[in-house]
Each structure stands twice: as structure tokens, then as C-alpha cells.
Amino acid sequence: MKKQRLKAVALTTMLSAGALMGSVAMADQTLDAVLQAGQAKTTLAQDSQKRIDRLAQETDDLAQQFKQQNKLIDDLRVFNAQMEKQVAKQLVVVQELEQSIEKVTVIERQIQPLIFRMLDGLEQFVNLDKPFSLEERQAQIAMLRANQDRADISVSEKFRQVLEAYKIESAYGSTISAYKTTLSLDGQDREVSILRVGRISLMYQTTDAQASGYWDVAQKSWVALDSSYNAQILKGLKIARDQATKDIMTMPIQAPEAAQ
């Protein structure tokens, strides 16, 4: 009887131990399940945070782009306002140019006759002046007259060319020059050097420096000088050719005539 009780106790203990072991195993499984669930929640939370961070960054980027676009729009508004002012001013300039073109048309009709009168006056002046570089000066006038018929030259350019010719003629009065040419002296053609001192005196000297003369305005011809002028004229020729330093020269100069 006693043995049976011990067996029953032992059996009960074993059953209790088995139940305990079963409970422990079940507890371990429950704990694992809880841990796995916690890990899954943590992973989900991390993924959610990453998505939140990404969305926040995208939001910041969009906000920056929005600010940049707004600034660009403001800049464009300022630029457009400035361009509108410039266009308005350009329209005023265009209107002024149109008015100027109309005036230029009138001026062109008036300036062309003026050019012809200036050429006539220039030609008359050259023909009455001392005959220095005469062929060159007459050729210049002929060229200017020929240019008046050219359609590829503007009226303003034609006028400028005539003014330039006047400037050249004016400059002759304050310069000295020398050049060689051929003159008919005593019925013979002689090679001579021409010396021009402004417009106050025009002289010649033969290449051997033995004969000299000057242009007489009253007689409109060359007049021989005595040999006392030879050295001075030769000196003037050297100065004009930059072969000697500038110095005082004794030259034949005609006294001005009384105005009629």
C-alpha cells in the first residue's frame, strides 16, 4: 500500500515536472513570438522613419525649388519692367529717326546744289591760284565731279569729300613743298625743281642750280631771277625735302595789289 502511494507521488511529480517543462517550453515559444513581434514593429518603425525622413527631405527640396522659382519670377518681373522702359524709349528714338529721315531727304535735295557750287568755286580758285601741282589738283576736282553721278556714294560722303578737298587746299597756305616737273623756258623744255612756300611764293630752279625764276601772278607766267637767288632757292629746296634744317630764306615775294 505504501509502495503504491510512493508510485503515485512519483508519478504525480513526474507529471508535474512534465507539465512544468511543457509550461516552460510554451513560455519560451511565447517569448520568442513576443520578441519577433517586437523586432517586426521596430523594423516597421525604422522603415516608417526612413519614409518620413525621405518625405521631409523631398518637402524641403520642393520648398527650396519653390523659393527659387519665386525669386526667378520676381527677377523676371523686374527685367520685364526694365525692358518695357527700354522699348518705350526705343519707340521714341524710332519716331525721332523717322522725322530725321524726312529732314535728311529735304537736306539732300538742298545739299546737292551746294556741292556743285562748292566744286565750281574750288575749280575757279585752283585756276586762278599759282600753278603748283596743277595737274594733281585738277584731277582731284575732276574725280569729285565724277563721283556726283555715282549712286553707290551717299550724299553725305560726297559732301565730305568736297570738304576734304577744301581742307587740302587750305593746308597749302601753311606748308612748304618741293617736286620736279618740266617747264618751257625760253622756248625749251627744261627739267626743274619747283619750290612752293605756302601761297606767298612759287619758284623754280633748273637741276644744275644755275637758273632760277618765280611765278608772276600779274603776268601769269614764269619770270627769271638773277643768279643771286640761286643759293637761297637751293636752300629752300633742301629744307622742303628735309635735307636741311629750317632756317630764314630770302625769297622773291610780290607785293599785294590794292583791291579793285
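Let me start with the hairpin that S4 and S5 form, where four residues lie between the two strands and Lys-220 in the turn has a positive phi of about 50°; strands here are DSSP runs of E with at least two residues, numbered from the N terminus. This is a predicted model, in which local features need pLDDT of at least 70 and side-chain atom pairs count only at pLDDT 80 or more, while totals for chains, interfaces and linings use all residues. Residues are numbered from 1 along each chain as its sequence is written, and side-chain values use heavy atoms, leaving out hydrogens and water.

S4 and S5, the latter covering residues 221–225, run antiparallel and are joined by five bridges, two strands being paired if DSSP finds at least two bridges between them. Within this pairing, Trp-215 has Trp-222 in S5 as its bridge partner.

S4 itself, residues 212–216, is mostly covered, since five of its five residues are buried, that is, under 20% relative accessible area with a 1.4 Å probe and protein chains only. S4 also pairs with S3, residues 201–206, in the antiparallel sense over three bridges, and there Tyr-214 in S4 stands opposite Met-203. The hairpin of S3 and S4 has five residues between the strands, and Ala-209 takes a positive phi near 60°.

Finally, which strand gives the most to the lining of the second largest pocket? The answer is S5, with four residues, where a pocket is an open set of points on a 1 Å grid over the protein atoms alone, with a 1.4 Å probe fitting and protein on both sides within 12 Å along at least five of seven lines, and lining residues have an atom within 4 Å of a point.

Definitions and conventions. Buried means under 20% relative accessible area, exposed over 50%, partly exposed in between (1.4 Å probe, protein chains only).
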